[in-house]
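Let's take a friendly walk through a protein model together. Have a look at the sequence and the 3D view, and then read on.

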Amino acid sequence: MAVPDVTAVVAVHDTAPYLTACLDSLVGQSLAPGRLEVVAVDDGSADGGGELLDGYAARHPGLFTVVRRPRSGGPAGPANRGLELARGRYVLFLDADDRLGEEALERLVAAADAWGSDVVVPKQAGVDGRPVPPGAFHTDAASVGFADSALAWALGGTKLFRRDLLRHHGLRRDERLKAFSEQLFTLEACLRAARVSVLASYDCCFPGPRGAGGDATGRAGVLDRLRGIAALQQVGADLAGPGAELDAIRVRGFGRDVPRLLQDGFLLLAADVQERVCVEVTRLVERFGAREVYHRLPVADRVRLELACTVRPQALRSQIRFEAAHGDPPVVADGRRRYAGYPAFRDDRLCLPDELFLLREEAVEGPAEKSVNGSVNGSAEEWVGAAVGEDAPPLDLARRLWRGLVPAQVRRGLRRHPAWRRPADSVNGGRG
């Protein structure tokens with residue numbers, strides 16, 4: 001039996017209103033007969049989806065393989081089962097509420113063959129108001145990476161993967177995770193790939209409305225989502241090259257995935273769960289070096305992250321409510337610097353560093369500013385000189401230089417500097 005060029009794996013669970021459009025888009029692909037196979041895995045659908053699949057298999061013999069299985073509770077299991085049965089040189093995972101452009105698979109296979117790609121990112125076109133990540137889809141690109149593209153923001157599973165890559169590294173979706181298993185699989189595949197490419201010259205995929213198909217990440221509880229984020233960051237730490245590549249993955253996690261959990265939904269959690277969330281966020285921030293990319297995050301996001309790290313849910317709740325009620329904070333001028341005047345700014349009970357609130361576009365150049373912009377240049381004396389200038393009171397010195405916002409080698413020198421007088425209430429980072 002000839003090996004097909006591509007296997008499309010479709011995991012199906014209670015998506016009957018959208019499934020017909022998905023399957024029709026596969027039947028209508030421009031690939032010649034024999035070049036495509038579809039493996040559809042019905043994960044215990046109770047809405048007639050399984051019977052719909054059987055009907056397509058009967059009408060299109062040789063194209064569809066249908067697998068029926070008890071409900072697993074998430075998309076990882078059926079995706080793995082489909083991958084086990086795949087015979088194509090390439091594999092594309094397609095959500096059951098998505099559909100493909102008519103020439104999508106033909107163009108993706110041709111691009112992968114021409115470029116020698118292990119992964120090809122297809123252009124997505126949003127429908128019914130569903131947003132898609134546009135940053136990765138501006139132009140065709142034979143080779144992209146995490147450091148030079150928006151790849152970290154486009155980790156959805158609808159990509160063309162070379163099956164030999166997946167088989168060689170034993171890549172499967174982690175069925176233990178209730179959230180982010182799709183993104184984790186994609187991240188590892190992209191990091192292990194010799195070449196990741198982008199096909200942006202054709203609208204390949206039209207994602208269905210958010211939540212129509214089984215958005216496992218959106219349905220998962222907050223602690224399950226934090227476990228998934230930790231898994232993502234661990235793969236990044238293990239496989240990404242140091243510097244810009246790893247930073248891009250950290251920015252995605254701490255500039256989107258974690259801050260989303262520290263918004264209005266946080267207010268609805270039970271008090272003990274709020275505290276647990278704060279503890280887990282603290283572990284993530286400290287374990288994966290989040291503060292090293294704070295300078296690339298919006299002020300509100302990094303403030304919420306650090307408020308969580310104080311393990312004082314009340315302060316975090318106040319921040320969330322303030323943002324909801326007021327939007328942008330007032331600007332606080334201090335000498336030549338401008339800060340976001342959130343309630344936590346210069347709150348002696350919290351002892352958060354001023355740099356956390358610094359509005360970067362208004363910042364003054366100098367050694368103290370460079371701590372926010374990622375530079376490790378400057379001696380301890382230069383850092384102290386910048387931090388204890390005539391507009392900086394002694395307590396502000398502790399706020400600026402504590403909590404990991406200064407390079408370690410400089411911090412060690414500061415502790416020996418006579419100007420360093422750490423106030424008693426900052427010894428434990430203000431957790432009290």
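## A pair of strands

Strand E1 (residues 6–12) and strand E2 (residues 36–43) run side by side in the parallel sense, joined over 7 bridges. To find one of these spots yourself, look for Ala-11, whose bridge partner in E2 is Val-41. Keep in mind as you explore that this is a predicted model.

Is E1 mostly covered or mostly open? Strand E1 is mostly covered, with 6 of its 7 residues buried. As a piece of background, side chains in a regular strand alternate between the two faces of the sheet.

Now turn to helix H11 (residues 271–287) and helix H13 (residues 313–326), whose axes come within 10 Å and cross at roughly 90°. An angle from 65 to 115 degrees counts as roughly perpendicular, and H11 and H13 are therefore roughly perpendicular to each other.

Which residues make the contact? From H11 come Gln-274, Glu-275 and Cys-278, while H13 supplies Pro-313, Leu-316 and Arg-317. Sorted by class, the contact of H11 with H13 has 3 nonpolar, 1 polar and 2 charged residues.

## Two residues with positive phi

Phe-180 is not a glycine, yet it has a positive phi of about 70°. You can find Phe-180 in the loop between helix H5 (163–169) and helix H6 (181–192). Is Phe-180 buried or exposed? Its relative accessibility is 5%, so Phe-180 counts as buried.

Arg-346 also belongs on this part of the tour: its phi is near 55°, a positive value in a residue other than glycine. Arg-346 sits in the loop between strand E11 (337–340) and helix H14 (367–372). With 28% relative accessibility, Arg-346 counts as partly exposed, because that class lies between the 20% and 50% cut-offs.

## Looking for disulfides

A disulfide is a covalent bond between the sulfur atoms of two cysteines. How many disulfides does a search of the whole structure find? The search finds 0.

Cys-22 counts as buried, at 0% relative accessibility. Cys-351 counts as buried too, at 3% relative accessibility.

How values were computed: Residues numbered from 1 in each chain as written. Predicted model: local features only at pLDDT ≥ 70, side-chain atom pairs only at ≥ 80, totals over all residues. Heavy atoms only, no water. Axes fitted to C-alpha atoms, helices over the stretch in contact; angles between N-to-C directions. Helix = DSSP H or I, 4+ residues; strand = E, 2+ residues; numbered from the N terminus. Parallel < 35°, antiparallel > 145°, perpendicular 65-115°, else oblique. Contact = heavy atoms within 4.5 Å. Nonpolar A, V, L, I, M, F, W, Y, C, P; charged D, E, K, R; others polar. Buried < 20%, exposed > 50% of the residue type's maximum accessible area, 1.4 Å probe, protein only. Disulfide = S-S within 2.5 Å. Pairing = 2+ DSSP bridges.
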